[in-house]
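This report describes selected local features of one protein chain. It treats backbone geometry, side-chain contacts and a pocket in turn.

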Amino acid sequence: MTKKVTITDLAKRANVSVTTVSQILNGKDDRFSEKTVKKVHQLQKEMGYVPDFNAQSLIRRSGRTIGVLVPNINNPFFSHFLRGIESVAMDNGYIPLIFGSNNNQKLESYYLFESIRRAADGMIIASAISDVSYIDNILNQNGIPYLLTDQAPVADGDQVDVNNYHGGELLANYLIQKGHQRVTVVTDQHPTLNLKQRLTGFLDVFRSHGLSIADEQIVETELTKLGGYHATKQALTHHPTAIFALNDEIAIGLYRGIHEAGLRIPDDISIVGYDDIDLTEYVTPTLTTIHQPSFEMGESAAKLILKRIQDRDRPFQSVSLPIELVERESVKNINS
């Protein structure tokens with residue numbers, strides 16, 4: 001097995017001290033001649049020397065990492081969210097440690113301990129954590145600031161917010177304007193706070209128009225394409241003119257189920273989603289949905305946690321990002 005190249009090996013080849021190499025590779029090259037700096041960098045490339053991460057972490061007492069906990073890495077919404085975090089983190093010399101919890105308490109705890117063990121400087125939590133007080137206690141004891149967003153519960157601290165209640169209102173008003181009064185809602189079996197807010201906004205608007213959506217018109221399933229597909233039969237039971245899927249993944253699953261039921265969107269039934277993932281523009285017909293700025297949410301979360309890492313005593317920070325209804329082709333106007 002080839003022996004790992006060490007900083008001592010590099011210093012010996014460059015005929016300089018280990019301290020000199022260390023300072024040059026850590027950006028303090030203004031102390032040395034241009035010839036020495038160029039020689040060290042050239043030899044680093046030739047020899048394939050990579051600084052030892054653990055050693056650097058011990059020296060800095062920092063892993064230059066941000067732990068990120070999301071419920072589902074495969075969901076396109078969270079893919080964009082993570083890209084936003086990555087762009088800010090890497091621009092600032094940090095690496096995100098990304099974990100998908102599937103909203104599982106055992107996985108939450110495991111990944112939390114791994115983040116601490118690997119010297120994470122801060123945590124961004126977008127997963128529906130089961131016990132905020134436990135998370136708060138263990139992270140605070142280890143001096144790690146954190147930020148809760150999206151599916152995570154609301155708690156005192158830094159926040160990145162999008163108005164899910166208003167998103168529900170926008171979709172309800174849109175469907176009512178198009179003449180839809182008999183509507184089915186397909187939601188998650190264990191809805192998180194943001195999903196509950198969407199649903200509440202939607203139901204409140206219907207009630208304000210003297211229209212009621214009965215409990216049996218609210219169908220529960222998994223928050224996935226497969227969940228939407230499996231929920232189709234129940235969603236169609238009460239012959240709705242429109243379906244509100246609490247996220248685009250569910251909506252896309254419903255597309256397949258509705259097609260297999262011999263119905264056409266939007267001629268026979270209309271459908272709206274939520275999130276505006278990239279697939280909404282590529283299904284047929286294209287899906288009307290609420291656009292959430294997922295990339296910007298990730299960027300904002302990363303900026304806030306980096307500011308918190310640099311100044312633990314700063315006042316609570318809050319960023320509120322806009323949402324908008326994106327009208328496409330999945331809703332029919334049934335007004336006579």
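Asn15 is placed in the loop between helix H1 (7-14) and helix H2 (18-25). The model is a predicted one, and the values below are computed from it. The phi angle of Asn15 is near 60°, which is a positive value in a residue other than glycine. With a relative accessible area of 68%, Asn15 is exposed, because exposed residues are those over 50%.

A positive phi is also found at His239, where the angle is near 50° and the residue is again not glycine. His239 belongs to the loop between helix H10 (225-236) and strand S8 (242-245). Its relative accessible area is 59%, so His239 counts as exposed.

**Cis peptide bonds**

The bond that joins Ile265 and Pro266 has an omega of about 0°. Pro266 lies in the loop between helix H11 (248-260) and strand S9 (270-272). The bond from Thr284 to Pro285 is cis as well, with omega near -5°. Pro285 is located in the loop between S9 and strand S10 (289-291).

**Aromatic rings**

A pair of aromatic rings is described by the distance of the centres and the angle of the planes. The count of aromatic pairs in the model comes to 6. Two of these pairs are set out in the table.

| Ring pair | Distance of centres | Angle of planes | Arrangement |
|---|---|---|---|
| Phe77 and Phe78 | 5.0 Å | 85° | edge-to-face |
| Phe78 and Phe81 | 6.2 Å | 90° | edge-to-face |

Why are both pairs classed as edge-to-face? The planes of Phe77 and Phe78 stand at 85° and an angle over 60 degrees counts as edge-to-face, so this pair receives that class. The planes of Phe78 and Phe81 stand at 90°, and therefore this pair is also edge-to-face. Through these ring pairs, Phe77, Phe78 and Phe81 are linked into a cluster.

Phe78 and Phe81 are both in helix H5 (residues 76-91), where they are 3 residues apart, about one turn of the helix. Phe77 has a relative accessible area of 3% and is therefore buried, the limit being under 20%. Phe78 also has a relative accessible area of 3% and is buried. Phe81 is buried too, as is Phe78.

**Charged and polar side chains**

Two arginine side chains are placed over tyrosine rings. The charged end of Arg198 sits over the ring of Tyr274, at 3.9 Å from the ring centre. For Arg256, the charged end sits over the ring of Tyr229, 4.3 Å from its centre.

His180 is found in the loop between H8 and strand S6 (183-188). Is this histidine buried or exposed? Its relative accessibility is 1%, so His180 counts as buried. The side chain of His180 is joined to that of Ser270 by a polar contact of 3.5 Å.

**The largest pocket**

The largest pocket holds about 520 Å³ of space. It is lined by 33 residues, of which Leu148, Ala155, Gly157, Asp158 and Gln159 are the closest to the centre. Two or more lining residues come from each of helix H7 (132-141), strand S4 (146-149), strand S5 (159-162), helix H8 (164-177), helix H9 (193-208) and helix H12 (294-310). By residue class, the lining divides into 16 nonpolar, 9 polar and 8 charged residues.

Notes:
Residues numbered from 1 in each chain as written. Predicted model: local features only at pLDDT ≥ 70, side-chain atom pairs only at ≥ 80, totals over all residues. Heavy atoms only, no water. 1 Å grid on protein atoms, 1.4 Å probe; cavity = no way out; pocket = protein on both sides within 12 Å on 5 of 7 lines; lining within 4 Å. Points joined across faces, edges and corners; volume = space filled by probe spheres on them. Helix = DSSP H or I, 4+ residues; strand = E, 2+ residues; numbered from the N terminus. Nonpolar A, V, L, I, M, F, W, Y, C, P; charged D, E, K, R; others polar. Phe/Tyr/Trp six-rings, centres within 6.5 Å; stacked < 30°, edge-to-face > 60°. Buried < 20%, exposed > 50% of the residue type's maximum accessible area, 1.4 Å probe, protein only. Lys NZ or Arg CZ within 6 Å of the ring centre and 35° of its normal. Polar contact = N/O pair within 3.5 Å; in protein donor to acceptor, adjacent residues only side chain to side chain.
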